[in-house]
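Open your viewer and keep the selection tool at hand.

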Amino acid sequence: MPIWNPWHGCRKISPGCANCYVYRRDESIGKDASVVAKTKDFDLPLKKNRKGEYKLKPDDGVVFACMTSDFFLDTADEWRRECWYMIRERQDLHFHIITKRIDRFEQCVPPAWGSGWENVTICSTCENQDRTDFRLPILLSLPIKHREVICEPMLGEIDMEKYLKTGLIGHVTCGGESGNNARPCDFRWIQEVRRECIRCGVPFTFKQTGAVFIKDGRTYRIDRSIQMAQAKKSGYSYTPGTGCADAIKYVLPNRNALFSRLARSDFRNRFHLTDKDRQYVREKGFETIKSHAADFVAKRLSPENPANDGKQTPMKGHPVFLAQHATACCCRGCLEKWHNIPSGKILNTGEQAYIVDVLMDWINREMHGTK
Ligand code: SF4
Ligand SMILES: [Zn+2]
């Protein structure tokens, strides 16, 4: 994963900053991390090699921005505008920005930000309950296309379910603190956030144990070299739809198994595209139909309690409506019964994308005669 550090150095503002690794690393080489300065890599996203190609290639993966500072640090206010320009220029890259200063976001985005940029993920750090309750309402209220949360170093028990329920948080990562002065991280805290993620269908990653790890009341000192490996070994990360034991309710069905079950239902089998529908799909093209599907799913299916549930999908008039009935994506009752997606909660972005995929898969099968 490429890292882009446009400037280096930061100012501590939060309990999570106490043992900041930027400070620790700088101290070890006699440098003062509170001095903030632009780096020679400031314009990395636009840098080219001798052949005139960009140094950062889309295939290199997500670009982590500002890992030795905070992107929204006030000292960097005059430099940030140029960074936004570079981010905008490189639509082919995805930028991941982690911040403890989400409260400065609004005054830091350019006018062109509008309703958010598709190629930017904003990740707010929440190390304890107090900072979670301060930052997450702000994160949720802002125009951002991709939001994530990091509880690292996790310093206490955190309840974030009410924020996860909004369906607006795409990923949560938890982990302990490393270094000689590391504060302890209790496995119970990690377990609780993970349970909340599972209930809300939000992907979860347990990234590292930290140096002082409490499990079942016992305290363990974990060597730096295995802190990440131990977390990984625990098998504790969770992806909706991949089926871990306590996520049974959320295991999304395997596509082929779903289609063969649907094929055995007389009711579902009644729905097919008419000649007029096929004509419409050909005229509009798949991408447009897919955007209609995403729109119907977002507006008519995603709310916690959709209006007219059970009757919100017309029987004809659009190929997507037919696809919804044919695949049991017509209402929340059918989504629960056929797809294991619980009613009474907002559909998160992963679930919405899954439904759109199923609908487009059915339309594709109808158009090409594979059933
Ligand atoms: S905001 Fe991040 S980089 Fe800045 S001092 Fe705190 S932990 Fe360190
Ligand atoms: Zn239904």
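Here is the tour, stop by stop.

Before selecting anything, note that residues are numbered from 1 along each chain as its sequence is written, while chains are lettered from A and ligands numbered from 1 in the order in which they are written. The model is predicted, so local features need pLDDT of at least 70 and side-chain atom pairs count only at pLDDT 80 or more, whereas totals for chains, interfaces and linings use all residues.

**The sheet.** Select the 7 strands of the open, parallel sheet, ordered β1-β4-β5-β6-β7-β8-β10. Strands here are DSSP runs of E with at least two residues, and helices are runs of H or I with at least four; two strands pair if DSSP finds at least two bridges between them. At the edges you will find β1 (3–4) and β10 (204–208), each with a single partner strand, so one side of each has no neighbour in the sheet.

Now show β8 and β10, parallel strands joined by 4 bridges; C174 has F206 in β10 as its bridge partner. In β10, 5 of the 5 residues are buried (20 or more other C-beta atoms within 10 Å of a residue's own, C-beta atoms being placed from the backbone), so β10 is largely enclosed by the rest of the structure.

**The ligand.** Finally, select ligand 1 and the residues around it: C10, K12, G16, C17, C20, V22, S69, D70 and K100, each with its backbone-placed C-beta atom within 6 Å.

Notes. Buried ≥ 20, exposed ≤ 12 C-beta atoms within 10 Å, placed from the backbone.
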